[in-house]
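Visitor: I have a structure to look over and some questions about its side chains. Can you walk me through it?

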Amino acid sequence: MKAPAFLSQADTAHRLRRTAFVHLDGGLHANYRTSDFASALALVNGVGAVAEELNHHPHVLLGWGSATFHLSSHDVGGVTERDMRLALRIQELADLAGATVGGLGPTRYDIAIDCTDVDAILQFWKVGLDYREVVGEDGTELVDPRGQGPRVWFQHMEIARTQRNRIHLDVYVPTTSAKTRVKAVIEAGGVLLTDEHAPDWWVLADAEGNEMCVCTTDN
């Protein structure tokens, strides 16, 4: 059976424009606010019925007056038409329920560790964090099996860096909001070290030189 076609952010941008959904890091994300827990639960139950109908199921986070949905097609490692169909149906249910867009947009956090010998330090971080090893874009990475903590990846250095912090944070945001986030960081006292890799990532630092990369993904 042929795998469904992968959809990029460019493919989904127009269709998601009137929804709460944002395309980031291979998934569609939406957070809705409702008047109380019962109304949020009712929205989730309605989405559950639609998910069964479409045979495509979201990851759901339910709270008091809050319902968050994450959609992704794991067989292709990203967004497909199945996710789009479900997202649009979820938005219809949210509109009928009077739910509003929640204030928190999707973000992914990674921790990058500069090192000259990954094997020498990998087990230290794996055991200390109680993480699992996976093979990612940047080689061996560590991920939280509970799905809560940030991913940890290792940036190989031929020569150890001793004049700067060797651990920095990568903050992944939707492409459409990346420049706004960078501007806000600078206004909050940050320094732009380089934008030569933008719009893939910007390198910034705080007043004491601790670094952060604001990053985007194309899927």
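Guide: Start with a definition. Rings of Phe, Tyr and Trp pair if their centres lie within 6.5 Å. Planes over 60 degrees apart count as edge-to-face. Keep in mind that this is a predicted model.

Visitor: How many aromatic pairs does a search of the whole structure find?
Guide: The search covers the whole structure. The number of aromatic pairs found is three.

Visitor: What is the geometry of the pair formed by Phe21 and Tyr32?
Guide: The ring centres are 6.5 Å apart. The angle between the planes is 75 degrees. The cut-off is over 60 degrees. The pair of Phe21 and Tyr32 is therefore edge-to-face.

Visitor: How many residues apart are Phe21 and Tyr32?
Guide: Phe21 sits in the loop between α1 (9-16) and β1 (22-24). Tyr32 belongs to strand β2 (residues 27-33). The pair links distant parts of the chain, and the separation is 11 residues.

Visitor: Are Phe21 and Tyr32 buried or exposed?
Guide: Buried means under 20% relative accessible area. Phe21 falls in that class, and so does Tyr32: both are buried.

Visitor: Which residue forms one aromatic cluster with Phe21 and Tyr32?
Guide: Phe21 and Tyr32 are members of one aromatic cluster.

Visitor: Which residues of α1 are buried, and where do they lie around the axis?
Guide: The buried residues are Gln9, Thr12 and Leu16. They span an arc of only 75 degrees around the axis, so they lie on the same side of α1. What covers them includes β1, β2, α3 and α5 (175-187). On the face turned away from the buried side, the exposed residues are Ala10 and His14.

Visitor: Why does the salt bridge of Glu53 with Arg89 tie together separate parts?
Guide: The closest N and O atoms of Glu53 and Arg89 are 3.2 Å apart. Glu53 lies in helix α2 (residues 37-54) and Arg89 in helix α3 (residues 81-97), so the bridge ties parts that are 36 residues apart in sequence.

Visitor: What are the relative accessible areas of Glu53 and Arg89?
Guide: Exposed means over 50%, and partly exposed runs from there down to the buried class. Glu53 is exposed at 53%. Arg89 is partly exposed, at 25%.

Visitor: Is Asp144 buried or exposed?
Guide: Asp144 meets Arg146 in a salt bridge, 2.9 Å from N to O. Arg146 counts as partly exposed at 45% relative accessibility. Asp144 has 13%. The cut-off is under 20%, so Asp144 counts as buried.

Visitor: Which residue forms a salt bridge with Arg82?
Guide: Arg82 is partly exposed, with a relative accessible area of 26%. The closest N and O atoms in its salt bridge are 2.7 Å apart, and the partner is Asp75.

Visitor: Where does the charged end of Arg108 sit?
Guide: Arg108 is linked with Asp25, Asp110, Glu141 and Arg151 in a network of salt bridges. The charged end of Arg108 is 3.8 Å from a ring centre, and it sits over the ring of Tyr172.

Visitor: Which backbone oxygen does the side chain of Ser72 reach?
Guide: Ser72 is in the loop between β4 (66-71) and α3. At 12% relative accessibility, Ser72 counts as buried. Beyond its neighbours within four places in sequence, the contacts of Ser72 include His56, Gly78 and Asp83. At 2.9 Å, the side chain of Ser72 reaches the backbone oxygen of Gly26.

Key: Residues numbered from 1 in each chain as written. Predicted model: local features only at pLDDT ≥ 70, side-chain atom pairs only at ≥ 80, totals over all residues. Heavy atoms only, no water. Phe/Tyr/Trp six-rings, centres within 6.5 Å; stacked < 30°, edge-to-face > 60°. Helix = DSSP H or I, 4+ residues; strand = E, 2+ residues; numbered from the N terminus. Buried < 20%, exposed > 50% of the residue type's maximum accessible area, 1.4 Å probe, protein only. Lys NZ or Arg CZ within 6 Å of the ring centre and 35° of its normal. Salt bridge = Lys/Arg side-chain N within 4 Å of Asp/Glu carboxyl O. Polar contact = N/O pair within 3.5 Å; in protein donor to acceptor, adjacent residues only side chain to side chain. Contact = heavy atoms within 4.5 Å. Arc of directions from axis to C-beta.
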